[in-house]
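Here's a quick briefing to read alongside the model. Have the sequence and the 3D view open, and take it one topic at a time.

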Amino acid sequence: MVIGALIVAVLVGEVVPMLVEQGYLPSGLFSGLIVLSIVSIVMTVDASRYWSFGYLAGFVIGVFLALPMLSRTEFIGLLDWLLYGGAVVGAVALRIKIHSSSF
């Protein structure tokens, strides 16, 4: 997950803006990638209803270990922290809701 996030961060943060600036890519592509990232996070939260508590714990720990490392590289900003933090809160809340309704 961390390596994938780092690769995407490099592509979105460095390569895509450079290609847009040089005219090789349309300027709306960068905004489209941001929307695609948000949709991906929402789909991840939705899929969390099928996760075990162990997998959910690994996801939460992974996010909070990866974000500080990626913040040092300046690929991750405040918006990313908010999105991934919201994904963690949403996934945990959904799992707790499902677990409590099964009793």
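## Confidence and ground rules

Helices here are DSSP runs (H or I, at least four residues), strands are runs of E (at least two), and both are numbered from the N terminus.

This is a predicted model, so local features need pLDDT of at least 70 and side-chain atom pairs count only at pLDDT 80 or more, while totals for chains, interfaces and linings use all residues. Residues are numbered from 1 along each chain as its sequence is written, and side-chain values use heavy atoms, with hydrogens and water left out.

**The whole chain**

- The protein chain has a mean pLDDT of 78, and 85% of its residues reach 70 or more.
- You'll find four helices and zero strands in the protein chain, in the order α-α-α-α along the sequence.
- Of the chain's 103 residues, 19% count as buried; that means under 20% relative accessible area, while exposed means over 50% and partly exposed is in between (1.4 Å probe, protein chains only).
- The accessible surface of the protein chain is about 7,000 Å², and 72% of that belongs to carbon and sulfur atoms. Areas like this come from the Shrake-Rupley method with a 1.4 Å probe, and for residues only the protein chains shown count as cover.
- Take the contacts (heavy atoms within 4.5 Å) between residues at least 6 apart in sequence: 63% of them join residues at least 24 apart.

**Helices α3 and α4**

- Helix α3 (residues 53-72) has 20 residues and spans 30 Å from first C-alpha to last, close to the 28 Å expected at 1.5 Å a residue. The expected span is 1.5 Å times one less than the number of residues.
- α4 has 24 residues and reaches 34 Å between its end C-alphas, close to the expected 34 Å.
- Buried residues in α3 are Leu56, Phe59, Val60, Val63, Ala66, Leu67 and Leu70.
- In α4, the buried ones are Gly85, Ala87, Val88, Ala91, Leu94 and Arg95.
- A handy rule for reading such lists: an α-helix has 3.6 residues a turn, so residues three or four places apart point the same way.

- Val88, in helix α4, counts as buried because its relative accessible area is 6%.
- Which residues does Val88 touch, not counting residues up to four places away in sequence? The answer is Phe59, Val60, Val63 and Phe64.
- Val88 and Phe64 are 24 residues apart in sequence, with 9.2 Å between their C-alphas.
- Val89, also found in helix α4 (residues 78-101), counts as exposed because its relative accessible area is 57%.
- Ser48 has its place in the loop between α2 (28-47) and α3, and at 0% relative accessibility it's buried. Leaving out residues up to four places away in sequence, Ser48 touches Ala91, Leu94 and Arg95.

**Rings and a charge**

- Phe53 lies in helix α3 and is partly exposed, at 42% relative accessibility.
- The charged end of Arg95 sits over the Phe53 ring, 4.9 Å from its centre. To count, NZ of Lys or CZ of Arg must be within 6 Å of the ring centre and within 35 degrees of the ring normal.
- Beyond four places in sequence, Phe53 touches Arg95 and His99.
- How many aromatic pairs are there by the ring rule? The count is two, and one of them is Trp51 with Tyr55, edge-to-face at 5.0 Å centre to centre and 65 degrees between the planes.
- The rule pairs rings of Phe, Tyr and Trp (its six-membered ring) if their centres lie within 6.5 Å; planes under 30 degrees apart are stacked, over 60 edge-to-face, and the rest tilted.
- Trp51 is buried at 13% relative accessible area, whereas Tyr55 is exposed at 52%.
- Trp51, Tyr55 and Phe59 form one aromatic cluster.

Key
pLDDT = per-residue confidence, 0-100.
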